[in-house]
Amino acid sequence: MNFNGQHLIIGVVQFFIVVILAPFFAGFIHKLKQRARGQKGINIFQFYINFNKLLKKEIVLSKDATFISNIAPYIVFVTYLIILLMLPAFYRYSLLGMSSDVILIAYSLALATFFMTLYAMDQGSAFGGLGAAREWFLTVLSEPSLIFIFISLAIYTKQGRITDIFYFIQKGAENAFLTGSGSSAVSVAIPFLLFISLFIVSISENARIPIDNPETHLELTMFHEANILEASGKHLGLYEYGSYLKLTVFLTVMSLILFPYMAVNIYQIPIAFIIYVLKMIILCALIAGVETVNPKMRVFRVPNILSVSFILSLIAMILSIRRF
Amino acid sequence: MNKIMIDKHDIESDDFANSAENLKTSGKYLLGIVAADERVLNSKFSVRYFFGGTEGIEEYCVKTDESFRSISKICPAAKMYEREIYDLFGLLPEGHPDLRPLMLYPENWDSSVHPLRKDYNGVIPEMKKYGGYKFKEVLGEGIFNVLVGPVHAGIIEPGHFRFSLAGEPVLQLEIRHFWKHRGIEKVCEGKDFKETLDIISKISGDNGVNIAISYLEAAESILNIEITERAKYIRVILAELERMWNYVRDVAWIFMDIGFALPAQNLFGLQEELMRLNKNLSGHRFLFNSLTVGGVNLDLDSAKLKAIEETLKKVENIIKDSEEFILSSSSVLDRLEFTGKINKKTAEELSLCGISARASELPRDTRAEFPYLIYGRLNLKPYILDGGDVFARTALRIKEIYLSKKIISDLSSNLPEGNIAVSFESKPEAYNYAVGNSETSRGNAFFYIMADDKGKIFRLKYIDPSFRIWPSIQYGVLGNIIADFPLINKSLNLSYAGNDM
């Protein structure tokens with residue numbers, strides 16, 4: 001891949017579009033859930049309004065807080081931005097496409113979690129420690145699945161960067177379609193298994209029902225929210241926006257597994273963008289559906305469902321290795 | 001007149017402490033302890049112990065000057081009452097294991113001032129720190145405390161919960177309530193019976209009718225008023241309507257707390273229907289001001305009866321759906337079953353009442369045990385379940401919604417003719433007293449009222465079911481993880497306002 005002015009400009013545009021759309025996706029899920037319950041529902045742009053409001057509010061820090069509390073919200077937010085810079089949402093050459101190694105992406109996510117939990121403990125509230133312990137309880141269980149998902153993609157395609165991985169799958173699917181050769185059972189099974197596995201990981205990482213309840217006010221039941229319970233003003237705004245970005249990261253990767261279609265030139269961009277938004281809306285509806293028909297499960301039942309995700313990704317990895 | 005039968009005994013404090021053990025083994029349980037400053041009468045304080053049992057209510061009266069024997073070690077349910085008496089009257093319960101202040105906070109109240117004594121001058125002590133409060137401590141490696149409240153994240157009343165945890169499992173929970181003590185018992189003294197009705201109806205707003213019925217049972221008994229049959233029927237219908245919307249709301253919040261908003265919204269919709277029905281009937285969504293001394297303030301004409309009937313049909317349909325959700329969804333059952341188990345033994349020792357007792361296999365339902373109004377004629381049998389867990393309490397509420405529905409439709413189809421209220425001139429006999437009982441959606445509401453020589457209230461004591469049940473949550477959470485506490489708390493759904501008058 002050679003450096004090219006067009007890639008640079010479209011890469012920047014792609015990045016900004018995805019970042020700006022992130023609160024919309026979160027708001028859309030919320031709205032869908034509320035409509036399903038027969039409520040009128042929030043304004044679909046409510047999360048933009050909330051972010052704007054939080055930016056104007058004063059930051060209150062506990063007197064026990066150290067410098068960590070001042071930098072953590074920014075580190076978390078910027079980490080998610082950097083991951084989004086790597087992802088080829090609808091254009092094949094993302095801005096940081098050259099360094100979009102899957103291992104880097106997986107551990108950038110862990111870095112953000114690390115700083116968020118540091119922040120939680122730094123404030124000295126009992127809920128922070130509880131929330132941090134729970135957050136790592138989830139992350140430790142979902143991280144192996146995430147790594148296995150990425151590694152099996154890498155082995156399957158013999159590529160290391162996420163842009164190349166999905167471009168390879170896209171090309172393979174195109175060839176199979178054009179030549180009419182059809183696809184092998186394995187090449188269908190692997191993305192299918194990975195999709196389900198990643199869906200479970202997304203539910204867990206994004207604090208969604210049945211693992212966590214993003215709407216609750218009950219401090220004692222929270223996972224993610226307990227970490228940012230002490231956050232206020234701009235810090236809270238960054239965390240909230242960060243959680244929308246994280247959701248978008250997971251949804252985008254899922255959308256790429258579901259149906260990889262990335263524009264390779266400027267003419268394909270409109271259709272690629274429309275397909276991207278459609279895929280995202282379908283995924284949002286899927287998450288909203290799961291959240292509507294399930295109650296939150298007991299905390300210590302969570303490992304069961306995450307181990308399902310792990311087994312699925314493990315099977316996918318075995319299948320990808322078999323392919324050699 | 002179906003006056004509650006009371007078996008009265010005067011007894012010495014020492015003798016009583018010795019016989020308390022026998023009382024307990026004979027199957028009687030503590031309904032409440034009422035202290036009163038009766039120094040104008042016989043220059044002594046009185047401490048009255050009320051016990052309930054299959055043969056009605058028994059009363060043991062102990063006269064004292066400054067102290068009495070504690071029975072907390074024999075009868076743990078007495079613990080809170082004795083602490084309350086120590087605070088408000090300054091009578092020392094000898095041998096009490098835990099004499100920390102209960103309602104009057106040493107952080108801002110002078111503990112030598114006892115507001116329920118008749119010689120209290122009404123002056124609030126200067127706001128400053130008079131002493132401290134020592135919480136129980138749990139020590140050990142890796143054990144930490146999580147302090148919740150008194151200010152909570154939602155719109156909840158104040159209560160302090162102190163969890164000692166080893167990871168997620170709860171080792172100990174200590175609660176401290178009574179943050180907004182209103183002094184209602186003192187306020188009522190010297191008021192007449194009608195004024196007092198307005199005050200006590202607002203003790204805990206969501207159970208206003210049932211609490212008022214309990215008060216009126218006592219007040220009308222002192223005043224020798226016999227209310228008409230029609231008024232009795234209307235009172236029962238209103239009481240059951242109130243119970244029904246309370247239960248609908250309680251079940252809705254159980255679903256809400258397990259993050260299952262879909263069925264919860266359905267039930268919240270039904271709660272709204274029921275509250276609109278209340279407004280249609282009485283002009284107030286919480287049925288405020290619908291009862292009066294000597295009868296009721298509203299009549300049920302055919303239009304209103306029709307409105308009740310229509311709403312009851314909706315109740316039946318929606319509750320059937322929710323029942324299916326609970327019984328057929330394994331993920332819901334997994335959250336509710338074995339969570340927050342209160343053992344039968346614990347329930348007995350703490351003299352629980354209402355849903356909390358019935359879910360732990362104790363057949364305690366005031367409507368059947370000490371029938372009032374026309375409940376005696378309905379031949380009710382308390383519904384009981386043996387789980388003692390969140391599931392049992394939720395399932396019981398659903399069953400009792402059907403029961404309330406049945407009672408309302410039976411009564412409203414044969415409402416007797418007559419006046420809805422009787423006028424009364426009678427003045428109570430000086431220093432006569434009476435007790436009243438009723439079953440609220442939380443359990444037994446108990447009133448003790450003594451009139452003075454001018455026909456006003458001399459001493460009023462109200463015991464809310466929440467006051468009895470709150471300590472049990474400390475046992476219910478043991479063996480559970482802290483993440484399930486909100487669910488356990490919601491399944492008991494206790495009142496902070498009723499607890500702390």
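Predicted model: local features only at pLDDT ≥ 70, side-chain atom pairs only at ≥ 80, totals over all residues.

Residues are numbered from 1 along each chain as its sequence is written, and chains are lettered from A and ligands numbered from 1 in the order in which they are written.

Let me begin with confidence. The predictor assigns the complex an ipTM of 0.88 and a pTM of 0.91. Helices (H or I, at least four residues) and strands (E, at least two) are DSSP runs, numbered from the N terminus.

I turn to the contact between the chains. Two residues are in contact if their C-beta atoms, placed from the backbone, lie within 7 Å. Chain A contributes 21 residues and chain B 24 residues. On the side of chain B that touches chain A, strand S7 (144-148), helix H8 (261-282), helix H10 (330-336) and helix H18 (485-492) of chain B each supply at least two residues. The largest share of that side, five residues, comes from S7(B). In the classes used here, Ala, Val, Leu, Ile, Met, Phe, Trp, Tyr, Cys and Pro count as nonpolar, Asp, Glu, Lys and Arg as charged, and the others, Gly among them, as polar. By these classes, the side of chain B that touches chain A has 15 nonpolar, five polar and four charged residues.

Next, the domains of chain B. By an automatic or database domain assignment, chain B is divided into domain 1 (6-123) and domain 2 (184-499). Their C-alpha centres lie 26 Å apart, and 17 residues of domain 1 of chain B are in contact with 20 residues of domain 2 of chain B. Which strand gives the most to the side of domain 1 of chain B that touches domain 2 of chain B? That strand is S2(B), with six residues. The side of domain 1 of chain B that touches domain 2 of chain B comprises 14 nonpolar, three polar and no charged residues.

Burial comes next. A residue is buried if 20 or more other C-beta atoms lie within 10 Å of its own, exposed if 12 or fewer, and partly exposed in between, with C-beta atoms placed from the backbone. A nonpolar core is a set of buried Ala, Val, Leu, Ile, Met, Phe, Trp, Tyr and Cys residues joined through C-beta atoms within 7 Å. The largest such core has 236 residues, and those with the most contacts inside it are Phe25(A), Val248(B) and Ile449(B). H7(B) gives the most to this core, with 18 residues.

Now to chain A. Beyond its neighbours within four places in sequence, Phe25(A) is in contact with Tyr244(A), Leu247(A), Thr248(A), Leu251(A), Met280(A) and Cys284(A). Met280(A) and Cys284(A) are among the buried residues of H10(A), and those buried residues pack against helix H1 (5-36) and H9 of chain A.

Tyr261(A) is found in the loop between helix H9 (233-258) and helix H10 (269-293) of chain A. Is Tyr261(A) buried or exposed? Tyr261(A) is buried, because 20 other C-beta atoms lie within 10 Å. Tyr261(A) is 14 residues from Ile275(A) in sequence, and their C-alpha atoms are 7.6 Å apart in space.

I close with backbone geometry. A cis peptide bond, with omega about 10 degrees, joins Ile209(A) and Pro210(A). Pro210(A) lies in the loop between helix H7 (185-205) and H8 of chain A. In chain B, Phe178(B) is not a glycine, yet has a positive phi of about 65 degrees. Phe178(B) counts as buried because it has 21 C-beta neighbours inside 10 Å. Leu287(B), also a residue other than glycine, has a positive phi near 55 degrees, and it counts as buried because it has 27 C-beta neighbours inside 10 Å.
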